[in-house]
Amino acid sequence: MERTYHKWFSPTLDRFMEMLVFGRGGIPVIFFPTRSAHFYDFENWRVIEAMKEKIEAGSIQVYCVDSIDSESFYSDAPPPLRIVRHIQYEKYILDEVIPFIRIQNKHQELVAAGCSLGGYHAVNIALKHPALFTKVVGMSARYDLTQPLPFFADLFDGYFDENIYFNMPNHFVPGISDPGLLRQLREMEITLVIGREDTFLDNNRHLSDSLHQISVPHQFYIWDDEAHRPRYWREMVKIYL
């Protein structure tokens with residue numbers, strides 16, 4: 001399996017960012033890491049190995065991006081700055097990572113995928129920019145980071161503003177009414193996967209219900225147990241990516 005390492009200084013984030021790319025061609029997949037994890041963790045957890053057959057066959061090419069969650073959602077900065085830093089991260093994906101992919105890979109399709117907080121990143125950016133993505137897969141994810149849950153705090157300490165609203169799918173999805181945006185969302189393949197005992201189950205149900213409300217087709221799968229560990233993600237990627 002071909003594996004390449006990339007690193008460049010991001011003017012958007014004012015820091016160096018790293019990435020691993022697996023495969024030589026096929027549909028490009030931007031794979032977001034879990035909470036505060038890094039671009040190499042999916043390889044270490046053998047999640048990439050689980051996709052080896054598809055990667056070597058040229059069906060998909062996986063771009064494992066890094067995260068800056070410790071500088072945004074999980075930083076000690078004031079809540080307004082946490083969401084601003086996240087928006088900068090999204091701009092890095094849009095303005096630097098996607099153009100990089102388009103140079104490397106001429107396939108017209110583009111997939112966003114992730115596990116846990118990476119699933120949030122994938123679904124949030126894809127639902128906001130459906131013209132760029134043809135498919136999104138969120139696994140074991142949380143789609144409202146303002147909602148306190150057992151063992152998971154409100155990541156903005158009760159603070160709420162417009163930036164937060166437009167970056168929480170469970171908030172902004174029910175309000176989508178633009179016909180062009182709705183058409184693009186209805187053309188995208190959307191898959192949500194969560195464990196039956198996962199703390200985020202109701203969070204996922206909320207997003208699924210919201211998508212139904214605006215008539216956006218999607219697939220919603222509930223796995224047995226918590227299903228919030230690499231051993232489950234290794235099975236999920238085989239099925240949904």
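C64 is buried, with a relative accessibility of 1%, where buried denotes under 20% relative accessible area, exposed over 50% and partly exposed the range in between (1.4 Å probe, protein chains only). The structure described here is a predicted model, in which local features need pLDDT of at least 70 and side-chain atom pairs count only at pLDDT 80 or more, whereas totals for chains, interfaces and linings use all residues. Residues are numbered from 1 along each chain as its sequence is written, and side-chain values use heavy atoms, with hydrogens and water left out.

C115 is likewise buried, at 0% relative accessibility. The sulfur of C64 has that of C115 as its closest cysteine sulfur, but the distance of 10.0 Å is too far for a bond, a disulfide being defined as a pair of cysteine sulfur atoms within 2.5 Å. C115 is accordingly in no disulfide, and the structure as a whole holds zero disulfides.

Strand β3 (residues 27-32) is largely enclosed by the rest of the structure, because five of its six residues are buried; helices (H or I, at least four residues) and strands (E, at least two) are taken as DSSP runs and numbered from the N terminus. Strand β3 runs parallel to strand β4 (residues 60-65), to which five bridges join it, two strands being regarded as paired if DSSP finds at least two bridges between them. Within this pairing, I27 stands opposite I60 of β4. Strand β3 also pairs with strand β5 (residues 111-115), again in the parallel sense, over four bridges, and here I30 has A112 of β5 as its bridge partner.

One cavity of 30 Å³ or more is present in the structure, and the volume of the largest cavity is about 50 Å³. On a 1 Å grid over the protein atoms alone, a cavity is a set of points where a 1.4 Å probe fits but cannot get out, and lining residues have an atom within 4 Å of a point; grid points are joined across faces, edges and corners, and the volume is the space filled by probe spheres set on the points. The lining of the largest cavity consists of F32, H86, Y89, E90, I93, Y120, H121, N124 and I125, and the elements giving two or more residues to this lining are α4 (79-104) and α5 (117-128).

A search of the whole structure identifies 12 salt bridges, each defined as a side-chain nitrogen of Lys or Arg within 4 Å of a carboxyl oxygen of Asp or Glu. In one of them, the side chains of R85 and E71 meet with an N to O distance of 2.7 Å. Because R85 lies in helix α4 and E71 in the loop between β4 and α4, this pair ties together parts that are 14 residues apart in sequence. R85 is buried, at a relative accessible area of 15%, whereas E71 is partly exposed at 29% relative accessibility.

A further salt bridge links E235 and K238 at 3.5 Å, N to O; these residues are three apart in helix α10 (residues 230-240) and are therefore separated by about one helical turn. Both members are partly exposed, E235 with a relative accessible area of 37% and K238 at 41% relative accessibility. Elsewhere, salt bridges that share partners join R15, E71 and R85 into one network. R229 also forms a salt bridge with E226, with the closest N and O atoms 3.6 Å apart; R229 is partly exposed at 45% relative accessibility, and E226 is partly exposed with a relative accessible area of 31%.

Terms used:
1 Å grid on protein atoms, 1.4 Å probe; cavity = no way out; pocket = protein on both sides within 12 Å on 5 of 7 lines; lining within 4 Å.
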